Amino acid sequence: MLDGHDYLTRRVEEFRTQVARRIDGSLTEEEFRPLRLMNGLYLQLHAYMLRVALPYGSLRPDQLRALAEISERWDRGYGHFTTRQNIQFNWPRLVDVPDMLARLAEVGLHAIQTSGNTIRNVTADPFAGAGAGEVADPRPVAELIRLWSTDHPEFQFLPRKFKIAVTGAPEDRAITAANDIGVRIVEKDGERGYRVLAGGGLGRTPFVGQVLRDFLPEADLLPYLEAVLGSYNLAGRRDNKYKARIKITLQEQGLAAFTAEVERRFAALRPSFSGADRQVLAELRTRFAAPGFAARSTATFDEARTADPVFRAWADINLRAHQRADHAIAIISLKPVGGVPGDASAAQMRVVADLAERFGHGDIRAGLDQNLILPHVHRADLPALHAGLREAGLATANAGLGTDIVACPGLDYCSLATARSIPVAQEIARRIEDIAAETGPLNIRISGCINACGHHHLGDIGILGLEKAGAESYQVTLGGRPGTDMAIGRRTGPGFGADEIVPAIDRAVRASLALRLPGETFAETLARTGPDPFVAALYEETSDAV
Amino acid sequence: MAKGFRPGLVSANDLITGAVIYLASDDSWVARPEDADLITDEARAATRLAHIEAQPGRAVGAYIAPAEPGASGPRPAHIREHFRASGPSAPARASWGENHA
Ligand code: HEM
Ligand code: SF4
C-alpha cells in the first residue's frame, strides 16, 4: 500500500541521500529543488517550510502527537494548519527534514505530492461521517482517489497542480466548486452516484466549478476521473503557467467541447476498469464505518449549559449537528482573538489528541478554515471536553464568527507574498471582538497575494494584500460564499493602506448591525441591501484613498 | 553607476537553515543587512553573484536585494526585504501600529 511503512521509508531514505548529496555539493540547487519539492519541502522567506498532507483532513491521536513531537524536536514547537487540510512547519533545517519525514512515516503520514504539478492532497468535508443530513461518507471515496492518484505514473507531470475535493453532504463544506475537480456524492432515483464538477479555482482568475457530469454511476468514478485528467494533461497550456490550470482549459475550449473529449476518452477507458476499484471502495467503506456510539443520557450537557454561561456560549457557537441527536460535532477554534490563525502549539496538539481519545472515539479532523474538529462527541461529555480545551487556550467561542478569520501566511513567511495577512487578521479580530457574537455568522478571509491561498474571494468580506508603489495595499471584496452555491466576491473599489484596512473593515461590520433586519446574517443583509451601504461604510474616512 | 541599476546587497538563504543571509565585503555571509556590502554598480554586482555561484554549497538563490545607505549601515529598501531582514512580524509583535514605524 502506498502509505505502507516500507514504501514511505524507502522514499525517506532516498530523500536522505539526496539531501546529503546537496550538502556535499554533488547536487546543485537547480537539481535539488524539484527533489525537495516532491517531498513537500519549500524554501520560504526566512526558512524552509515542510508541508504535510492530512488526507481528507483525518487525523488519529497518535498522528497528532507525532506532529507535536516533530514540531518540538525539529521546528519551533508549533504547526500551522492550512485551508487545504495540510499542516505546515515553518522552521525546519534541511539536515533534519529526513528525520522529520521518517517520524511521519511511522504514523503513516508524508509530504508526497504536497507540491509540484501533481494531484495534491485530496480534501473532503471535515464533518464526514458525522454531519447531519449527509448522503454518504466521502472518506472512502477520497481515500480511493488518493490511492489512485498517489504516484500515478501518468499524472506526475501535469501542466499544473491539480486539486480534488469530495463531499457527501448537501451542504458543501469541502468547497468542491473551488477545486480542479469537485466530486459530490448524490442520490438519484434511489441510486448513489456522483456529480462531477471541474474547472473551479481562485487565484488571479477565479471561477466557480462547472458541472461536467450531473450524475455519474458509482462504478464509473475512477475511469471518469482518469478521462478528465487525461484530457487536461494533453490540452492544458504548458506554455504559460498562468493559463495552465484546468479552469483555463475549460474556459478556452468551452464546457461542451471539453466534456465531449472527456466522454470520448471515458468510453475508451471504461472497459479496462474491471471492478477491482469497486472492490477496494467496498473494503474502504468498512474501514470508515461509524464508531460504536453509546446511548447515554445527555442530562449533564443540559445542566452545564444552564449553569455555566461560558460553556453555553461555546456550545451555542462551536457545536454543529451530528447524525445522532445525542452527539455533537465540536469545532476547536485555532483563532484566539489576536493569535495567528491556524497555529497550534505542540502542547495544544497533545491536549487535542488526549481529548479525542477520551471523548471523541480517537477521531480528529482538520477543517478547511484552519480549525480542528472532533466529529463525534457525546453531549454528556461536552462539558468535560470544554473544560479540557479551556485549560489549553483552545475554547475560543467563535467558530463561524467574524473573529474566526482565515488568513494565509502572507509576507510574514511566504516568498510569493505582496503584503502581510496575519497581522491584519489579528488586528481585525481585536477590533470587532466586542460585536462578533452579536453580528453572528461572518466569514472574513485574507490572502497575502493574488494566489488566493486564504480564499479571499469566498469571504463575506475578502481582503487581498497587494503591493502598490512599495507599500502594502489591501483590496476588499464583498459577497463571496464558499458553499454549495459558491460565489466569488465583488471588488468594492480602490485599495486601502495598511493603516486604513482594519478601521475600514471595522466600520463595515458595525454598519451591518445598523442595517440588518431582525434575525439576518451579514450575508443576508448584504444580499438584501446590495453593496452600496457597505461600500459607503468602508470608504467613509478614506476619501483620499488611492 | 549604470542607469536603472538599483543598489543592493547580495542576499540569499542559507542552505542548511534557510535563514536570510547577506554577503559582506570580506566574502563572509552575515545575518544583518547593516553588516553587508552595499553594491552600487552593476558590474560589481555581476562579479559578486558569479563569485557566489561558483560556491553553491552555502547559499541558495542569491540575488541583489534592494538596499540603501542608512545611519548604521545598509538597510532594506523594499517592503519584502524589510520583512526578510526583520523576520515574521506576527508572533512577536505587540500591536499593529508598531510595524509601521
Ligand atoms: C507558504 C507557502 C505557500 C506557497 C508558496 C503557496 C503557493 C501557492 C500558489 C502559487 C497558488 C496558486 C496556484 C494557481 O493558481 O495556479 C496557491 C494556491 C492555493 N494555496 Fe497556497 N501557497 C502557500 C501556502 C499556503 C497556505 C498556508 C495555505 C492555506 C492557508 C494555502 C492554500 C492554498 C489554496 C487553498 C490554494 C488554491 C486557491 C485556488 O483555489 O486557486 N497555501 N498556493
Ligand atoms: S496567497 Fe500568496 S502570500 Fe498567501 S500563502 Fe498563498 S502564495 Fe503566499
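Gln370(A) counts as buried because its relative accessibility is 2% (buried means under 20% relative accessible area, exposed over 50%, partly exposed in between, with a 1.4 Å probe and protein chains only). This is a predicted model, in which local features need pLDDT of at least 70, side-chain atom pairs count only at pLDDT 80 or more, and totals for chains, interfaces and linings use all residues. Residues are numbered from 1 along each chain as its sequence is written, chains are lettered from A and ligands numbered from 1 in the order in which they are written, and side-chain values use heavy atoms, with hydrogens and water left out.

**View 1. Polar contacts of the Gln370(A) side chain.** The side chain of Gln370(A) reaches two backbone oxygens: that of Phe81(A) at 3.4 Å and that of Ala407(A) at 3.0 Å. A polar contact is a pair of N or O atoms within 3.5 Å; within protein, one must be able to donate a hydrogen and the other to accept it, and residues adjacent in sequence count only if both atoms are side-chain atoms.

View 2. Oxygen atoms of ligand 1 lie 2.9 Å from a polar backbone atom of Leu202(A) and 3.4 Å from one of Gly203(A). For Arg245(A), an N or O atom of the side chain is 2.9 Å from an oxygen atom of ligand 1.

**View 3. The residues around ligand 1.** Among the 22 residues around ligand 1, those that come nearest are Lys161(A), Lys163(A), Leu202(A), Arg245(A) and Cys453(A) (near means that a heavy atom of the residue lies within 4 Å).
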